[in-house]
Amino acid sequence: MRWLALLLVASCGCAYHPVSHTPNLIASPPPASAVSPSGVGISLYPRYLQFHEPLGPSIEKWWSKRQGRFVSHVQERCQSLPSLRQARWNDPSAPYQVVIEVTQDMRGSSFRYKLTDFTKYLIPSKDEGITRVAVRVYHGKSLLKTYEAEGIYETRRHLLFLLLPMGWRKGVPSQVANDTIYDALLQVDRDAAEWSAQTSGSNG
Amino acid sequence: MAERRVSVSRGLSVLSAAGLLLAAGCSAGIREIYKQPQETRLEAVRDRLAPITSEPDAHYWVRVCEPSKQNVGLAVLFQRHIYIAQPIAELPDDKMLTALVAHGIAHHRLHHLGQRSGVLTLQNVVFKVGGNFVPGLGYGKYATEPLSEVAMGSWQEMAADAKTVEYLKEFGYTGKEWLDALVYLQEHGYAERVSQLVMRGNDFTGRIAKLKKETQ
């Protein structure tokens, strides 16, 4: 019985599934921009919140922050978009600046979350993970436009083999983050011709 | 009989630890107001202040938060977060906002949160290891953590106050703006939170007196 109990505790975990996505341009992507402005600099600033408060520097939190790294997602998606393909990372001298702020947050009951953690998942809990992406495009010091996208996934913490054994899916938080970043960058790419024309008009 | 006493005391210590843990998790925290209109104004203040610091390219998350149960007016938290309560952010006084943001930046530039984390982590390790030799010693960290934060907070706040005045003078102000901001926080019952430590009311008295001497 002791081994069975240990096996049950060892098999606890989180089941994820995606919930919603706004504005969901990835469902039917707009045509790729024909414009590839020269001199685009990209900066990425991620932050990791838990129930609306910034995570501290403990090791477990470092691990969860590491799993939410967004740099590879941004680089992968920029390669697929003509207006951002030649963007340079952290180049403040570029005339166009694309500043990407990514927020990874959890919402739900923090009391229930701590109870689940303390009882090693014997008492299950559920919360939502949110990835919010805000992209600002600057020309020099002037802000041209702001774009936003949001992705939500649900997390259930329980003993997997007793409840919903098929509810476990791999890589959901990462995929939601990837899709949300893509959603935001698609908006930038769609409007690239507009902000490029806007600044060349003001320069001419 | 002795075994029953040990198991009861162990059970009680586990329950009390659980209660402390859950109570800590349930304490009123900071709640950001997403896309609050004053956020743009705060970010403009940040963008004007950042170039005069030692790391001008650092990105600070300056946001507006709800007035919490603890009535926190200024919160400086991990990952370079600076929160200002909504009623304060909506004041027309740009100098006060600049002083508050400068104080938050001062804490981050002086690495105060990192220092506190380092000390608390070291403390936790010591208690954890000690708990293997002395039963119950592992729970001692719950008592000493708040004491350590208070001890570190007192000298860190003095250093951050001095740094804030330095930033404000470089910015072209007199430095008295931070004194005015602290007096405002005290008079209106607001608290300042840095990491987990919350200061309010009489906690500001010593700092206000020192700033009055320095800015005269």
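A residue is called buried here if 20 or more other C-beta atoms lie within 10 Å of its own, exposed if 12 or fewer do, and partly exposed in between, with the C-beta atoms placed from the backbone. By that scale, the face of helix H2 of chain B that is turned away from its buried side carries the exposed residues B:Thr40 and B:Asp47. The structure is a predicted model, in which local features need pLDDT of at least 70 and side-chain atom pairs count only at pLDDT 80 or more, while totals for chains, interfaces and linings use all residues. Residues are numbered from 1 along each chain as its sequence is written, and chains are lettered from A and ligands numbered from 1 in the order in which they are written.

**Chain B as a whole**

- Chain B holds eight helices and five strands, where helices (H or I, at least four residues) and strands (E, at least two) are DSSP runs numbered from the N terminus.
- Read from the N terminus on, the elements of chain B follow the order α-α-β-β-β-α-α-α-α-α-β-β-α.
- Of the 216 residues of chain B, 32% count as buried.
- Two residues are in contact if their C-beta atoms, placed from the backbone, lie within 7 Å; among contacts in chain B between residues at least 6 apart in sequence, 69% join residues at least 24 apart.

- Strands count as paired if DSSP finds at least two bridges between them; E1(B) and E3(B), which run parallel, are joined by five bridges, and B:Val64 has B:Ile84 as its bridge partner in E3(B).
- E2(B) and E3(B) run antiparallel and are joined by four bridges, with B:His81 in E3(B) as the bridge partner of B:Leu77.
- These two strands, E2(B) and E3(B), form a hairpin with three residues between them, and B:Gln79 in the turn has a positive phi of about 60°.

- In H2(B), which spans residues 39–49, the residues B:Leu42, B:Arg46 and B:Leu49 are buried.
- These three cover an arc of only 65° around the axis, which puts them on the same side of H2(B); the arc is that of the directions from the helix axis to the C-beta atoms.
- The buried residues of H2(B) pack against strand E1 (61–65), strand E3 (81–85), helix H3 (86–89), H4 and H6 of chain B.
- B:Thr53 lies in the loop between H2 and E1 of chain B and counts as partly exposed because it has 18 C-beta neighbours inside 10 Å.
- Leaving aside its neighbours within four places in sequence, B:Thr53 is in contact with B:Ile105 and B:Arg109.
- B:Thr53 and B:Ala106 are 53 residues apart in sequence, yet their C-alpha atoms are 8.6 Å apart in space.

- The buried residues of H7(B) are B:Glu177, B:Trp178, B:Leu179, B:Ala181, B:Leu182, B:Leu185 and B:Gln186.
- H7(B) is followed by B:Gly189, whose phi is positive, near 75°.

- A:Lys120 lies in the loop between helix H4 (110–118) and strand E6 (125–139) of chain A, and counts as exposed because it has 12 C-beta neighbours inside 10 Å.
- A:Tyr121 lies in the loop between H4 and E6 of chain A and is buried, with 20 other C-beta atoms within 10 Å.
- Between the chains, 16 residues of chain B are in contact with 14 residues of chain A.
- Helix H1 (residues 2–26) of chain B supplies the largest share of the side of chain B that touches chain A, five residues.
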